[in-house]
Amino acid sequence: MERRGVQYHRGRVGEALREEIETLVEGELADPRIGLVSVTSVHVAPDGRSAEVWVNVEGDDTDADQSLEGLEAAREYIRHELVERLRIRRAPELYFRLDRAEQA
């Protein structure tokens with residue numbers, strides 16, 4: 001059973017990551033493959049070494065695939081920026097997942 005403080009800390013880290021990744025995706029990534037993408041949530045693993053970034057993409061499946069390709073290509077840049085902006089020692093490994101819950 002995980003201690004409540006650790007779980008709360010991981011939730012706060014996930015929210016901070018979500019806000020920064022959203023800012024990067026909306027304004028600073030110039031990849032033409034990335035369309036209208038919004039970051040819906042970030043789930044940080046219990047060890048803090050990886051995180052699933054759930055994104056919602058406007059458009060059809062082709063747009064979604066292209067946007068995910070662009071995000072994968074920008075993964076290391078995003079991780080570098082997270083270290084700089086959040087002043088963390090090491091950013092978690094990011095895995096981008098498509099969130100289709102709102103479109104159902």
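Good morning. What you see is a predicted model.

Start with the fold. The chain has three helices and three strands. Going along the sequence, their order is α-β-β-α-α-β.

Now the dimensions. The C-alpha trace spans about 40 × 35 × 15 Å along its principal axes. How does the radius of gyration fit a compact globule? For 104 residues, such a globule would come near 13 Å; the chain has 14 Å, so the two agree.

Next, packing. Of the 104 residues, 35% are buried. Take the contacts with a separation of 6 or more: 59% of them join residues 24 or more positions apart.

The chain exposes about 6,700 Å². Carbon and sulfur atoms supply 47% of that area.

Charges next. There are 15 positive and 23 negative ones. Their mean positions lie 11 Å apart.

Find arginine 18 in helix α1, which covers residues 4-27. Which residues does arginine 18 touch, once neighbours within four places in sequence are set aside? The answer is Val39, Thr40, Ser41 and Val42. Serine 38 is 20 residues away from arginine 18 in sequence. In space, the C-alpha to C-alpha distance between arginine 18 and serine 38 is 9.7 Å.

There is also a partner within the sequence neighbourhood to look at. The side chain of arginine 18 makes a polar contact with the side chain of glutamate 15, at 3.0 Å.

That is the tour. Thank you.

Note on methods: Residues are numbered from 1 along each chain as its sequence is written. This is a predicted model: local features need pLDDT of at least 70, side-chain atom pairs count only at pLDDT 80 or more; totals for chains, interfaces and linings use all residues. Side-chain values use heavy atoms; hydrogens and water are left out. Helices (H or I, at least four residues) and strands (E, at least two) are DSSP runs, numbered from the N terminus. The radius of gyration is taken over C-alpha atoms; the globule rule is 2.2 Å times the number of residues to the power 0.38. Buried means under 20% relative accessible area, exposed over 50%, partly exposed in between (1.4 Å probe, protein chains only). Contact means heavy atoms within 4.5 Å. Accessible areas come from the Shrake-Rupley method with a 1.4 Å probe; for residues, only the protein chains shown count as cover. Lys and Arg count as positive and Asp and Glu as negative; His and the chain ends are not counted. The place of a charge is taken as NZ of Lys, CZ of Arg, CG of Asp or CD of Glu. A polar contact is a pair of N or O atoms within 3.5 Å; within protein, one must be able to donate a hydrogen and the other to accept it, and residues adjacent in sequence count only if both atoms are side-chain atoms.
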